Every structure is written in structure tokens, then in C-alpha cells.
Amino acid sequence: MAGKLLAATPVAVELGSIFAAAGHQLYLVGGSVRDFLLGRLSSDLDFTTDARPERVLELVHGWAETTWDTGIAFGTVGVAKRGVQLEITTFRSDVYDGESRNPQVSYGETLEQDLVRRDFAINAMAVSLPGGAFTDLFGGREQLEAAIIDTPGTPEQSFGDDPLRMLRAARFASQLGFTPAPRVVAAMTAMSGELARITVERIQAEFNKLILGDNPRLGLALLTDSGLAQVMLPELPALRLERDEHHQHKDVYEHSLQVLERAISFETGGPDLVLRLAALLHDIGKPPTRRYEEAGGVSFHHHEVVGAKMVRNRLRALKYPKVLTEQVRTLTFLHLRFHGYGSGAWTDSAVRRYVTDAGPLLDRLHLLVRADCTTRNRRREVMLQNSYDELEQRIALIAQAEDLARVRPDLDGNAIMELLGVGPGPIVGQAWAFLKELRLEMGPLDRDAAQAHLYRWAVENKILTPDTAS
């Protein structure tokens, strides 16, 4: 194994030779070793050494193409060489205060001290450079082969040092398809409240990696079952609505995970964070809108409206960018509109509004709606998919004729001011909005028709008199 790893990382071997010649130890470590054993070694490599950061900078001077020291306060020096990024960190033996996740940085003297402080055994393996000796003190390779996530020491100690590691366990479940050891799950469940010590930014970063993994259902289920989701995303466990024998309804939690998996299966350009978040959260408005009907059914009236507000609030709380937050909110708000299409009542105007309201999110909305068309009734599912096929065909036909991607009023602002005899101001904006609605309702109009509608609107709103509207 070590020979193949060294052959695959000539830059690492060169670096190891430089350190060895100067009397220092250097090891490829952590995720780099794990990923190599999984057959997925990347061009970002992690190292640990007995050399202090200032000495590391001296050793790589003249060999590295670029260096950066943004992490030097934590003992890390960054290096770039022939397209490979290398992070070299001095042996660590940190002490945690048990109140925050910020350690008191303390340099260690041995490789063993460094490895025991790492989050999981699969990330606590090392290969010496340039010699290639393999070190695995905690059964990391065996756990890797068994697809198990476990800690080097006790999980209680590990998670007490840094509660973010509980979220990382869920993230690795998603990314690798691995199962946490029972003692890890037990500690996560008992200590889930400790996640509140972690900054929102760090939680969001780990959650993004989880949701973008190959198996996000595994990670999300672990968050929900352990209680971690209750701390960071309480809307997710809230989807587990109770059933009773008189009011049967779809399991909203399970449905949401199914929609996420279906949406992922539709992706063509790699993982899409906006689509995946919308698929997971599109029904979070159902719990607060659930009503038991007298006839025995269950309703969730306007859950898309309530859900859109909840999505915005939660993503803001998790400090997602404003643009992403509004994209997911919009998809949540629009995801249910299609279900009025099957009645055959949609006019061309309704189709135009659907496209215009979705805007640049239309392709994602198509995928979300198709993913949401899940039902145990196979015949109904086929009917829904066929109905959406028809809607997409109508969109394509109208788009060819009207350039739906850029629906604008038939008169621009300058024309409005000229025709109404007004300058820039709110009247122009109001007239523009009126003409935009007219365009959506009636399709393209020639200038004379658009002008006539504008004059009629101006008279009704007392902007012009009948005598001047000509």
C-alpha cells in the first residue's frame, strides 16, 4: 500500500526528503491517507511534522512555488507545488476548555500525540515520508474496510473537546456511506445539546458538505435520530407527524427524504445545493398548517406560503447567503402551484406567470416538482408526470413565440413618460407594473394596443383626463 501511495504522490516524497535531510519527521496523514485507501486521493494533501511552523517555512523556501501562513496560529503552513496544495501542521496536543470549540493550541512531541486527538480513527492513519512506514494505532484501516465511523479514544472525550465532530460523523455518513459505531451514536444522542457551543458558520459549512454528499439520507437520518437536528434544523424532525388510525396521511418526513433522493437522481451537472435544500425543506410548512377535517381527512392549506417564510427564517439563522436563501424560498413557494394544472384550467396567461415567477429558477422548479410527484398509486404518479410533460411542452411553444425568458411590458419607461407627459417617479413604476401584468395576461401587444391600454389605465387612476388621453 505505502509503495503505491508514494508513487502516486511524488511531490510528497520530495517534501519528505527535504524534511528528512534536515533531521525532521514528516507524515502524510488524515483524510489524505483515508482517501488513498478508498481510491480517491485528491490534489490537496495533509501532512504533520515535528518541525515548528517557522522551521517549516525555512525548509520549503526555494522549493515551494507559493506559501501562505493564514493558519500559522494553529501550527499550519500552506504550500503549493506543481498544482498540488499541501498543508503542513506541526504535531498538536491541544487542550479544550469544554465551553467552546476553540482549543488552546499546544504542540506535541510525537506522532502518537497528534493522532489520538483526531476526530475519527479513519482520519488517524499516517504514512512516513519519504520511507513509507504505515502507522495505524486505532484500527482505522479495519474500520475503513468495515465502513464504520469510530473515534480514536472515547466518543464522549472527543465530542466534549469539539462538539462539531458529532456533525462531522453525520457528514462522513453522507459522503462515504459509512455507519457510526453504536457508542458514537449513543454519545451523539446524549451530547446533542453540546452542538449549541458551535458557531453557526461552522455548522452551516459541515451541513453543506453533508447535504452535497452521495448519501445525504444517511446523514440526515443520523441528525434526526440523535437529536442534533433539533439543535440546528428543528424543522426537519418536526416533519415526523404522528399518525392515528382515523386520520391517515403521508409520512412527511419520509416523503421529504424521498423527494431529496429523487431530485438528486435528476441532477446532471453535479450536486446542486439550492435544489437539494429546496427538496428537503419544501414541505416544512406542513406541521404548522395541519388540520383534521370533519370528513376524516388531513389538510395542509397554504403550507407552501407558510413554508416559504419558514425557509427564509431558518436559512437566515444558519447565515446562508441572501441570494441562495431567496432561491430556496422561491422554489418552496412555487412547488405546489403545478398541482392546479391538471384540471385543464390553465390559460396561456397562467403558463406565462408560472415561467415569469420562477425566472432563472425554472429548470430547478421543473426538477423539484417532478421529484415531488411521489405517490403509492403508480397510475396517479404516471398521470402527474405526463401532465408535467404537457406543461413543459406548452412552456416551450409559448417561449418560442414570445421570448418568455425576458417578459417585459410592450412600452418601456421612456415611452411611458412621453405618452403620459410625466417625468421619472412612482407613476412610471406603477404604469410599468400595470403593463407587465397586461403582458402576462394577454401576451405581446402592438404599440397602438399597448398605448390604448395605458391611456385607459391612466384615466382610471386619475393621472390623465379623458380629454387628454388621446
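Visitor: What makes the pair of R370 and D389 a salt bridge?
Guide: Their closest N and O atoms are 2.5 Å apart. A salt bridge needs a side-chain nitrogen of Lys or Arg within 4 Å of a carboxyl oxygen of Asp or Glu, so the pair qualifies. R370 sits in helix α19 (residues 362–372) and D389 in helix α20 (residues 378–402), so this bridge links distant parts of the chain, 19 residues apart. Helices (H or I, at least four residues) and strands (E, at least two) are DSSP runs, numbered from the N terminus.

Visitor: What kind of model is this, and what is left out?
Guide: The model is predicted: local features need pLDDT of at least 70 and side-chain atom pairs pLDDT 80 or more, while totals for chains, interfaces and linings use all residues. Residues are numbered from 1 along each chain as its sequence is written, and side-chain values use heavy atoms, with hydrogens and water left out.

Visitor: How many salt bridges does the structure hold?
Guide: It holds 26 salt bridges. One of them joins the side chains of E267 and R276, at 2.8 Å from N to O. Both E267 and R276 are buried.

Visitor: What makes E206 and R202 a salt bridge?
Guide: Their closest N and O atoms are 3.9 Å apart. That falls within the cut-off, so the name holds. E206 and R202 both lie in helix α10 (residues 200–211). They are four residues apart, about one turn of the helix. E206 is buried, at 1% relative accessibility. R202 is partly exposed, at 28%.

Visitor: Which residues are linked with E206 and R202 in a network of salt bridges?
Guide: D119, R168 and R171 are linked with them.

Visitor: Which strands form the open sheet, and in what order?
Guide: Seven strands form it, in the order β3-β4-β5-β2-β1-β6-β7, with mixed pairing. β3 (66–68) and β7 stand at the edges, each with a single partner strand, so one side of each has no neighbour in the sheet. Neighbouring strands are turned by 30° against each other on average, direction ignored.

Visitor: How do you know that strand β1 pairs with β6?
Guide: Three bridges join β1 (residues 26–29) to β6, and the two run antiparallel. Two strands pair if DSSP finds at least two bridges between them, so three are enough. V29 stands opposite A126 in β6. Three bridges also join β6 to strand β7 (residues 134–136), again antiparallel. There the bridge partner of A126 is T135. L26 has T49 as its bridge partner in β2.

Visitor: Which way do the residues of β6 point?
Guide: M125 and V127 point one way from β6 (residues 125–128), A126 and S128 the other way. All are buried. The hairpin of β6 and β7 has five residues between the strands, and G132 takes a positive phi near 95° there.

Visitor: How do you know that the span of helix α13 agrees with its number of residues?
Guide: The expected span is 1.5 Å times one less than the number of residues. α13 (residues 252–266) has 15 residues, so it should span 21 Å. Its end C-alpha atoms are 21 Å apart, which agrees.

Visitor: Which residues of α13 are buried, and what covers them?
Guide: Among the buried residues are V252, Y253, H255 and L257. The cover includes α10, α11 (216–226), α14 (273–281), α15 (286–289) and α19.

Methods:
Buried means under 20% relative accessible area, exposed over 50%, partly exposed in between (1.4 Å probe, protein chains only). Axes are lines fitted to C-alpha atoms, for helices over the stretch in contact, and angles run from 0 to 180 degrees between N-to-C directions. Contact means heavy atoms within 4.5 Å.
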